[in-house]
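Please walk through this model one region at a time, with the sequence at hand.

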Amino acid sequence: MLKPAKDKLLASIFTNSPGLVNLWAKKADIVTNTSTPWAAAAEDILRGPIALVTTAGIHLFGQPPYDMDDPEGDASFREIPSSVPAGALTITHNYYDHRDADADINVVLPFERLKDLEREGFIGKTARRHFSFMGHILGSRLERLVGRTAPALAAEMKKDGIRAALLTPG
């Protein structure tokens, strides 16, 4: 019961004190990927489909919330249909202040703005679904994320023929 309150308090402090975030970041273990090869982007990536991938902890009201009780985080992901109305989405994430995202989910998952770009002809096609993770993944959950969850998501995106993904943090 105290952990969610503590997490929200820390998120609020970090939001209002960027200097503290900088101090924390200097001591944080940064994950560096040295095994993924570089791949040049296709020339026609704007043709689409283009998907969004966020670490904001977004999910449909009917989907299981992210596990906020596990101190190492939750390495699973949720599918977000691009046709879903913004009001059908919620956020389960205690590690950032998401008041603005609660008011407008497009702050962290700009799927309605992406649809606007499609309507305006700037991009060819929006993906039929987008994907959400919970940020703040540590320890064995990070190993699971890198070794199993991310490859599973990549396979799903490949099935959908995704040509580009926009990554949005929480």
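Aspartate 70 is a buried residue, because its relative accessible area is 13%, where buried stands for under 20% relative accessible area, exposed for over 50%, and partly exposed for what lies in between, all with a 1.4 Å probe and protein chains only. The model is a predicted one, in which local features need pLDDT of at least 70 and side-chain atom pairs count only at pLDDT 80 or more, while totals for chains, interfaces and linings use all residues. Residues are numbered from 1 along each chain as its sequence is written, and side-chain values use heavy atoms, with hydrogens and water left out.

Which residue does aspartate 70 form a salt bridge with? The partner is arginine 141, and the closest N and O atoms of the two are 2.7 Å apart; a salt bridge here is a side-chain nitrogen of Lys or Arg within 4 Å of a carboxyl oxygen of Asp or Glu. Aspartate 70 sits in the loop between strand E2 (58-60) and strand E3 (77-81), and arginine 141 sits in helix H5 (residues 139-159), so this pair ties together parts that are 71 residues apart in sequence. Helices (H or I, at least four residues) and strands (E, at least two) are DSSP runs, numbered from the N terminus. Arginine 141, with a relative accessible area of 27%, is partly exposed. By this rule the count of salt bridges comes to 13.

The side chain of arginine 129 meets that of glutamate 156 in a salt bridge of 2.7 Å, N to O, and since arginine 129 belongs to strand E5 (residues 129-133) and glutamate 156 to helix H5, the pair ties together parts that are 27 residues apart in sequence. Arginine 129 also forms a salt bridge with aspartate 160, where the closest N and O atoms are 2.6 Å apart; aspartate 160 lies in the loop between H5 and E6, so that this pair ties together parts that are 31 residues apart in sequence. As a general point, side chains of opposite charge can pair when their charged atoms come close.

Glu79 leads on to strand E3, where Glu79 lies on the uncovered face together with Phe77 and Pro81, while Arg78 and Ile80 make up the covered face. In a regular strand the side chains alternate between the two faces of the sheet. E3 pairs with E5 in the antiparallel sense over 5 bridges, pairing being taken to mean that DSSP finds at least two bridges between two strands. In this pairing, glutamate 79 stands opposite phenylalanine 131 in E5.

The loop between H5 and E6 also holds glycine 161, which is partly exposed with a relative accessible area of 37%. Glycine 161 and alanine 51 are 110 residues apart in sequence, and their C-alpha atoms are 10.0 Å apart in space. Threonine 168 touches Val53, Thr54, Thr55, Val108, Leu109 and Pro110, not counting residues up to four places away in sequence, where touching means heavy atoms within 4.5 Å. A polar atom of the side chain of threonine 168 lies 2.5 Å from the backbone oxygen of valine 108.

Two backbone details deserve a look. Most residues other than glycine have a negative phi, and most peptide bonds are trans. The peptide bond from glycine 48 to proline 49 is cis, with omega near 5°, and proline 49 lies in the loop between H2 and strand E1 (50-54). Histidine 136 has a positive phi of about 65° although it is not a glycine; histidine 136 is found in the loop between E5 and H5 and counts as partly exposed at 30% relative accessibility.

Methods. A polar contact is a pair of N or O atoms within 3.5 Å; within protein, one must be able to donate a hydrogen and the other to accept it, and residues adjacent in sequence count only if both atoms are side-chain atoms.
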